[in-house]
Amino acid sequence: MKKKIGILTGGGDCPGLNPAIRGCVYGAEKYGYECVGLTDGWRGLVEGTTTPLSREITEYIVMKGGTMLGTSRTNPYKAEGSVQKCLETFKRLDLYALVAMGGDDTLGVATKLYRDYKLNVVGVPKTMDNDLSVTDYTFGFDTSVTHAMEAAQSLLDTGASHHRVMVLEVMGRHAGWVALYTGIAAAADYVCIPERAINTPDMIRKIKDAYARKKYALVVTSEAAELPEAGEGASKREVDQFGHAILKDRGMGERIAAFIEKNTGIETRSAVIGHMQRGGAPTLFDRMLATRVGLKAADLVHAGQFGQMSALVNNKITGVPLESATGALKVVSKEWFDLMEVLF
Ligand code: F6P
C-alpha cells in the first residue's frame, strides 16, 4: 500500500498556493506516495475534512490564484482538544506525513506539532507579506506587489490629470515590504511603513516639494503604518486566533490623505487595493518559486527530514529547520531606511 501525504494550506491565501500544491503532489507521486488534501487549513485536520489530490487533479492549477484546498485562520492550539483532534485525524487517515503550507502562523503550529508530538511535518513558506524569516522570498509577494504597483501607476495617471496628491493603501500587516516595493517600483514620493514612525514634517515637506515640481504626488502606505497624530494604536484592535490585530477598516490611507490635505492645502485622494492584491493568476516568479518549494517539500518527506521547511536561500531551494523560520518576523531593516532616504 502506498504511503499517504496530507497537504493543507492555512492563513491568508496568496497566488502561488496552487502551483505549490501541484509541485508537492508531482514530487510525492514520483516517489510513490499518494496525496490527500485537508480542506480549509488546520480546520481540515481538526475536523478530518479531505479532498482528493493527484497529478491529474492538479495538472492545470499552476496558473490559478487562491488555493484549491481552501484556507482558514484556525489555530488548533487556541481551542481545547483541537490539537488532540489533529493527531487523531492524522492517525485515522493513515497519514505518513503532513505538508503544511503557510506563513508564520500556520508554520508556527507545524513547528509545535513537530516539537510536542514529533509529528511527521514539513512546511512550505507562503505569504504575500514576505515576512517569513530564513527564506529569501515567499511566493505570493511578487504577484501581490505587481498588482499594487499597477494600481499605484493608475493612481499616478489620474493624480497627474487632476493635480492631486494620491495615497494608495496596501496590505502587508506587521511588515512594510509590500508598501516599500510598491513605492519603489511605482516611483512614489513617499512611503509609510510600520517599521518606521512617520516623520510628519519630513513627509509634508517632501510632498510639497514633489508637488511644486510636477503638480501631483504619490504616497504609498502600509495598512499598519502609524500616524503619530492619529492617536489610536493597532494594539487596541480586535485580534485573530493568532493574536494579530485585524487591520480591516483601519483606514490608514484615508487618514494619511486627510492629514496631507490639511497640512499642504493640496487636494488629496486615497484608494485601498485591499484583497484585490491577493488574488489573480500568480506571476512567473511565484509559479516557479511555489513549484520549486512544493517539490522540495516532497523531497524532505521522502528523506525523512521532518520539522523542516523548504526555503529559498541564496537562490537555492533547501531545507531549513521550521523553528528557525517561525517566531520572529522578517521586517524591513534599517539598511532599507537609508535606501528610502535616497529614493523618497
Ligand atoms: O497576511 C496576509 C494578509 O493579506 C495581510 O497582509 C492582511 O493584513 C491580512 O492578511 C488580511 O487578512 P484577512 O484576509 O483575514 O482580512
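Trainee: How do the residues of the shell around the ligand divide?
Mentor: Two are nonpolar, two polar and five charged, with Met on the nonpolar list, Gly on the polar one, and Asp, Glu, Lys and Arg counted as charged. This is a predicted model, where local features need pLDDT of at least 70 and side-chain atom pairs pLDDT 80 or more, while totals for chains, interfaces and linings use all residues. Numbering starts from 1 along each chain as its sequence is written, and side-chain values use heavy atoms, without hydrogens or water.

Trainee: Which residues are around the ligand?
Mentor: Arg 73, Met 128, Asp 129, Met 171, Gly 172, Arg 173, Glu 223, His 275 and Arg 278, each with a heavy atom within 4 Å.

Trainee: And from which domains does the shell draw?
Mentor: At least three residues come from each of domain 1 (4-139 + 282-326) and domain 2 (144-278); those bounds are from an automatic or database assignment.

Trainee: How far is Asp 129 from an oxygen atom of the ligand?
Mentor: A polar side-chain atom of Asp 129 is 2.7 Å from one. For His 275, a side-chain N or O atom lies 2.9 Å from a ligand oxygen, and for Arg 278 the distance is 2.8 Å. Polar contacts here are N or O pairs within 3.5 Å.

Trainee: How much of the ligand's accessible area does the protein cover?
Mentor: The protein covers 79% of the 400 Å² that the ligand has on its own, by the Shrake-Rupley method with a 1.4 Å probe.

Trainee: New topic. Which residues line the largest cavity?
Mentor: Tyr 190, Val 191, Arg 196, Asp 202, Lys 206, Met 340, Glu 341 and Phe 344. On a 1 Å grid over the protein atoms alone, a cavity is where a 1.4 Å probe fits but cannot get out, and lining residues have an atom within 4 Å of a point.

Note on methods. A polar contact is a pair of N or O atoms within 3.5 Å; within protein, one must be able to donate a hydrogen and the other to accept it, and residues adjacent in sequence count only if both atoms are side-chain atoms. On a 1 Å grid over the protein atoms alone, a cavity is a set of points where a 1.4 Å probe fits but cannot get out, and a pocket is an open set with protein on both sides within 12 Å along at least five of seven lines; lining residues have an atom within 4 Å of a point.
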